[in-house]
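The stops below go from one chain to the interface and then to single pairs.

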Amino acid sequence: MEKKRWIIKMIANKTIYITDANCVTPLGFDLETNWIALVKGQSGIQFQEKYGNLSSIYASIIEDEKLNESFLKVSNENTFTKLEKMLILALHPIVNKNKVTEKSVLILSTTKGNISLLENQELLIEEAYLGTLAKKINTFFGFKTEPIVVSNACVSGVLAVSVAKRMIQFGAYDNAFVIAGDEISEFVLSGFNSFQAMSSLPCAPYDESRNGVTLGEAAAAVYISSEKPTENAVAIIGDGAINDANHISGPSRTGEGLFKSIESAFKEANITKDKLDYISAHGTATLYNDEMEAIAFSRSHIDTVAINSLKGYYGHTLGASGLLEIVIGLQSVYNEELLASKGFKNSGVSIPIAILKENRKKEIKYFLKTASGFGGCNTAILFEKIN
Amino acid sequence: MNDVLFPEFIKNTSKTIGLEYPKFFKMDNLSKLAFLGAEAILKDNIDLENENDIALVFANKSSSLDTDVKYQDSISDSENYFPSPAVFVYTLPNICVGEISIRHQLKTENAFFVFDDFKPDFMSNYASYLLESGKTEKVLCGWVEYYKNEYKAFVYLVEKSGTIAHDKQNIQTLYNQ
């Protein structure tokens, strides 16, 4: 059969920006409250006497009472789950400021959604669908398009931002409201525990004493569009989301996928490595992840760039983590201040990387966010501050 | 394909395509389904000598719920409590894509999405973006839905030239067959 070359729609050469952001975490339900707490070195991680069948663990959990109190200001409907309330609260101010139009899309990043609903034996399985969760939020805010759910392990939050940028550039939508959230549940706590991946103390990314993750819950939201920004904003200038092709539950020893994702982002952005001012890394505090990252950053020649992991402040918030950490990273950019990599004292990775031991005032123009996850996935996004 | 029970379907399909891959039997049902779907297409499209730049863009409706329910069963009774990492690892839908990446050594763009039904618009847009932006040479797209013996796998390879136009109508038509 004769092969033909099909004309594919061209990608518009327009710049895509994040112009608004918010988060809901144990440290606060808005950006400012979170930032003030973070600069002081506060953490949402607390000792939990008991959680289901687990006892004496550390986790970063949002207080139900505080959440419900804040939620009442937005809606007095009581049909929402904890996770839905977190997501709605995070997105609410963003929808107030940026209009939802016919060509807006909602993109939800989550790994497990309302998984705790499975504890109810009489549950209709449709209630646990990620699509059902997305639809509820979609309807609440009056979106006219169908929502997109990104469920790609712990890179979902970063990947969702990539998907938004890619789809707007392609012309599929004018703008995107990206939300991310995951809650603590016995399901995930017991699962990580079965992997012996849970830290006995609050997690210490990159530290020589590190011995695993501390889990957390949070929600975050951003507004992405090609509209020229008038105030604090960043342009999304490059991205990559490449698999290690090595192992489903451990990262590549050579950091293959992460390295390739970073290179892909830089190639697209067309900037040199020496321009990079800050890396917000994944830093889960497992032995293998942190070591893999050090190797990947070194291979990419960005090992001298100031770097931190925010998991010492929020724990590992799974599907929320990528977006939450981007949101906080943007705060660093706008406030010209980098945060210490909480929990880090002495390097426990074989290749030296420039981990922040304390807060540092710094002008930031280019900022890289990376994430990695189960299934061998990795993502990298480059941002440029717009003045 | 629901008149054939899944285990039988798997047995017949792996025999038909001559699958030899020991790790296959450790996978959960969603991964087995996705893996076979990909295998059927890729076995004639992979260059064994060089790296293959084939991105993987997969989606479904139930995420990993089939395995999630099994995992939940292992933790719901404190008298009979047996959470296992071998099961837990499959409680993420993108693992099936990881399995395909590993099998064919595809160090490429990967993404897993969840929709209430197969979305040819989105799949077409996203795959086209990856091709046009130069992020990849080819895209293996898949709708791999599995929940309690109800299963459907629709896997197709997209590249810049070929015999069937990559547009929403064609994709929807092929899906409906």
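Select chain A to begin: its secondary structure comes to 10 helices and 16 strands (DSSP runs numbered from the N terminus, helices being H or I of at least four residues and strands E of at least two). With a radius of gyration of 20 Å, close to the 21 Å that the globule rule gives for 387 residues, chain A is as compact as a globular protein of that length (the radius is taken over C-alpha atoms, and the rule is 2.2 Å times the number of residues to the power 0.38). The C-alpha trace of chain A spans about 60 × 50 × 50 Å along its principal axes.

This is a predicted model, in which local features need pLDDT of at least 70 and side-chain atom pairs count only at pLDDT 80 or more, while totals for chains, interfaces and linings use all residues. Residues are numbered from 1 along each chain as its sequence is written, chains are lettered from A and ligands numbered from 1 in the order in which they are written, and side-chain values use heavy atoms, with hydrogens and water left out.

Next, show both chains and select the interface. Here 57 residues of chain B are in contact with 65 residues of chain A (heavy atoms within 4.5 Å). The two chains bury about 5,200 Å² between them, 63% of it on carbon and sulfur atoms (accessible area, 1.4 Å probe, lost on being put together and summed over both). On the chain B side, select Phe88(B), Lys107(B) and Tyr129(B): these lose the most area to chain A, together 13% of what that side buries.

Now turn to the charged pairs. Across this interface the rule finds seven salt bridges (a side-chain nitrogen of Lys or Arg within 4 Å of a carboxyl oxygen of Asp or Glu). Select Glu109(B) and Arg166(A), whose side chains meet in a salt bridge at 2.9 Å, N to O. Then select Asp239(A) and Lys135(B), where the N to O distance of the salt bridge is 3.7 Å. This pair crosses between chains, from strand S10 (residues 233-240) of chain A to the loop between H6 and strand S3 (138-147) of chain B.
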